[in-house]
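Let's take a walk through this model, one site at a time. Keep the sequence and the 3D view open side by side.

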Amino acid sequence: MPHDLPKAYDPTAIEDRWAEYWVRENLFAQPTPDAPGGEPAFTILLPPPNVTGRLHMGHMLNQAEMDILTRWRRMSGRRALWLPGTDHAGIATQMMVERQLTAEGTSRQQLGREAFVERVWEWKRHYGGAILDQMKRLGASVDWSREYFTMDERLSVAVREAFVRLHEQGLIYRGAYIVNWCPRCQTAISDLEVVYEEHKGHLWEIRYPVIGTDGKDSGEFLTVATTRPETMLGDVAVAIHPEDDRYLHLHGKKLRLPLVNREIPIILDEWVSRDFGTGAVKVTPAHDPNDFAMGERHHLPSINVMDDSAHINAEGGAYAGLDRYVARKRIVADLEEQGLLAAVKDYTNNVGHCDRCKTVVEPRLSTQWFIKIQPLADKAIAAVKPDAEGNKAIRFTPEMYEKTYLNWMENIHDWCISRQLWWGHRIPAWHCSTCHKITVARVDPTACSHCGAATITQETDVLDTWFSSGLLPVSVFGWPNITEKNRADFDAFYPTSLLVTGFDILFFWVARMIMLGCWFADEIPMPDGSSRSLADSVPFREVYIHALVRDANREKMSKTKGNVIDPIEIVKEFGTDAVRFTLASMASPGTDIAFNVARTEGYRAFANKIWNAARFLFMNVDRAAEIGIVVDPAALGGMPTVAADAPLEARWVVAELNATAAKVNAALENYRYDDAANIIYQFFWGSFCDWYLEIVKLRLDFSETADKAATKAALTTLVSVFEAALRLLSPFMPFITEEIWNALYDGNPPAKSIALTRYPQSAQNSVDASALADMAIVQGLIVEVRTVRKEIGVEEKAVTPAEVRIDAAKQAVIQTNSALVERLARVSEIRFVTKISATLATHSTPDFDVAVVYERTIDVPVERERLTKDIAKYEKGLAAAERQLSNESFLAKAPSNVVEGLKKQESETRQLLEKARGALGALPEN
Ligand SMILES: [Zn+2]
Ligand SMILES: [Zn+2]
């Protein structure tokens, strides 16, 4: 048969095939629109993973969230564009290739810059972007035709233009500043790339001789404290607080720097804390940011005593050539020998390490390129702060990150954009050895722009990776080259709609994009030709910060703990769909995910359930076809409808589907992936499989005597609801839904993919409330009868009468649908009574009392125990409800629907209690 699905659901068998098909058919490409207007776009930029990267659980969550939203928006009629790419990742990539060279017994220095860079490109061509291949396999619905790499020619043009333009605007300068220097990577690194670890070290107290008025040592000492004694070689002063009583007599005096014999002044500075150490602070402007600031205030020189590899340089005299820690030991020993070491104290402090290679970072004076952060930062603040009307150009979810962002942005320093690497965008600046001025140019110059000499050499530094990735929202659409095509892209897709990312790159990347986007995009006119406001210059309108994926015990995943879950392994075992669904079912704003494989196993079973439902459905479709009953294809693809006089279960399942669609759409609108996933799960497993399929079996009569119209109507509802439910599930489980949807259309689907169909939307007033209410009564009765049967030990296959006491209106509902109750609860006959026979075990709900007539005397002690327990439970519940309802302050504050709900609950519990007491009283004596 054509729509035969294999008996067993095997995700590996179907996922590879569809993943490959989606890419081959370029299904999610979003070309430049031919004309303005049309559906509003939903644009989303993939945070570009490092080209060296491999997919981890954080990516998997991030990408699952983006894919769900993109597929949902696309199916909801938006022109959806999800743009992928990779980042050249300066330090990470250079380190990786350097490691290879080391293994080959060579080094980048031996290779030389040009050959090394060529070698990195070669590496990139062979191995780069493996993470995008992983994304392809996982079915991410991105536009692969727009894939970029941050070192691509066209993106490099944007980087160069941005640099030159900022330089022309006086916003880029070169200067000496204390940077975090990694002696291993031999480059400056950003504050954000430094990880601090607690370190048990020492505080060394060193005695500096005070020089007397005669120019000789006076015999008095001023004691300073330091955690890095080797930096004393670069001391240029000692600072004390101007009001420190202990040192008033030293004002204006000089000290002799031990080991170096340099005369250095004692300076007065209010920054000095009198309580720390001895209250006297050595000042080393070239090796500490605070000392640097003090040096500026007091016009002191800066003496850099270390080279790029953190060895002491020529300024260190006798210690020149020693590694910083070897020098430290030697210096401490020498001081001790000279009687100048006052004390060594244990001291725990936070030591900065390079995030990439874990080497201890050396704060060090270095000449770097900087972006003057104002007025860029002010614009980036204005883009997030509410305006006079309370509107925000960029909205953060969870909202708390807005404060985090603003707080950081308000305290931001000038941004050091140069890195001493070879892999990256080389800074377009040329140094002239004749006039010593700098030429910055869009096109490589042949002569100095100041003196005309040809004696120019290009700056060796490259730009910080975040400089190029910060430009992505404008550069991916072709800025600064605003051709007609690029202009059309900007008109259609800029500002992007949403950025989904982790907290860890809020400052690195999100903030940079906002600064650079707001700065450069405003030159591109709006589609109608008017000028672009700040609100439309922003790179994205919304930022969603996703949570962390932790292990099942809520521990952070880490290699050292060995609790890292490899998403690819889990996917192999359970399928992509089950892993995606696991993540979605736990993802909501601000909540970390405790990833539990047991849940993935559960969702794999869910997929299996859907698979089996499809097989059941196809079997019936085929049987119907044999007797000429065929579902009209026009019934599929939209929201199913049913006739007003259709059987209850048909009206009910359509009402449920509508209610589910409304809830799922609302949940996704608010990033409640968890609610959306759980609501779909409940519908599919509970309403559709457990209830509807069981009931519809009654209606699918293919016999000679069948009412063909009724069978066809039932089959149509079954197929159309299932088809719509597949579309509802599709963004969450794209593979299994694609497979079944295609099978459903028997090789002749109305679109190239289920992902290109329409997402179920609940039409207004389409939820048939009376169908829901009636079905609830029928379901309630079936559930109670099943429970009673179990309790009194009715054999599985036995069919028994049931006594029901119920009000007239509800009795009519049961009577109309008695076939359902009889079939699903194994009831031979429903006897409506005004009072349940005293000998029968009775179950009561607020709607009805029910008992199963079964020829087995009830076990009185067991029944008494059960009723006693029930009574206790009801009494407790009633007391709690009464307590709350008599609490004045609760009543004053609680919303009215909550109070109403509580009152209803109270009266229902009271009824149940009375019934249970009555039943207990009616039990025969032992
Ligand atoms: Zn490093
Ligand atoms: Zn010159």
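C432 counts as buried, at 3% relative accessibility; buried here means under 20% relative accessible area, exposed over 50%, and partly exposed in between, using a 1.4 Å probe and protein chains only. Before going further, note that this is a predicted model, where local features need pLDDT of at least 70, side-chain atom pairs count only at pLDDT 80 or more, and totals for chains, interfaces and linings use all residues. Residues are numbered from 1 along each chain as its sequence is written, chains are lettered from A and ligands numbered from 1 in the order in which they are written, and side-chain values use heavy atoms, with hydrogens and water left out.

Donors are N, O and S atoms within 2.8 Å of the metal (3.2 Å for Na, K and Ca), and since water is not among the atoms, sites may look incomplete. Because C432 sits in strand β18 (residues 429-432) and C448 in the loop between β19 (438-440) and β20 (456-458), the pair ties together parts that are 16 residues apart in sequence. Strands (E, at least two residues) and helices (H or I, at least four) are DSSP runs, numbered from the N terminus. C448 is buried too, with a relative accessible area of 4%.

Now for the zinc ion (ligand 1). C182, C185, C354 and C357 coordinate this ion through their SG atoms, at 2.2 to 2.4 Å. Its four donor atoms subtend angles of 100 to 117°, which makes the arrangement tetrahedral. Here the donor spacing is C-x2-C-x168-C-x2-C. C185, in the loop between β5 (172-182) and β6 (187-189), and C354, in strand β13 (residues 341-354), link distant parts of the chain, 169 residues apart. Both C185 and C354 are buried.

Next, look at D269, in the loop between β11 (262-268) and β12 (280-283). D269 is buried, at 5% relative accessible area. Leaving aside neighbours within four places in sequence, D269 is in contact (heavy atoms within 4.5 Å) with residues including H241, R297 and H298.

Finally, find helix α18 (residues 576-586): eleven of its eleven residues are buried, so the helix is largely enclosed by the rest of the structure.

Methods:
Tetrahedral: all angles 85-135°; square planar, octahedral: opposite > 155°, others 65-115°.
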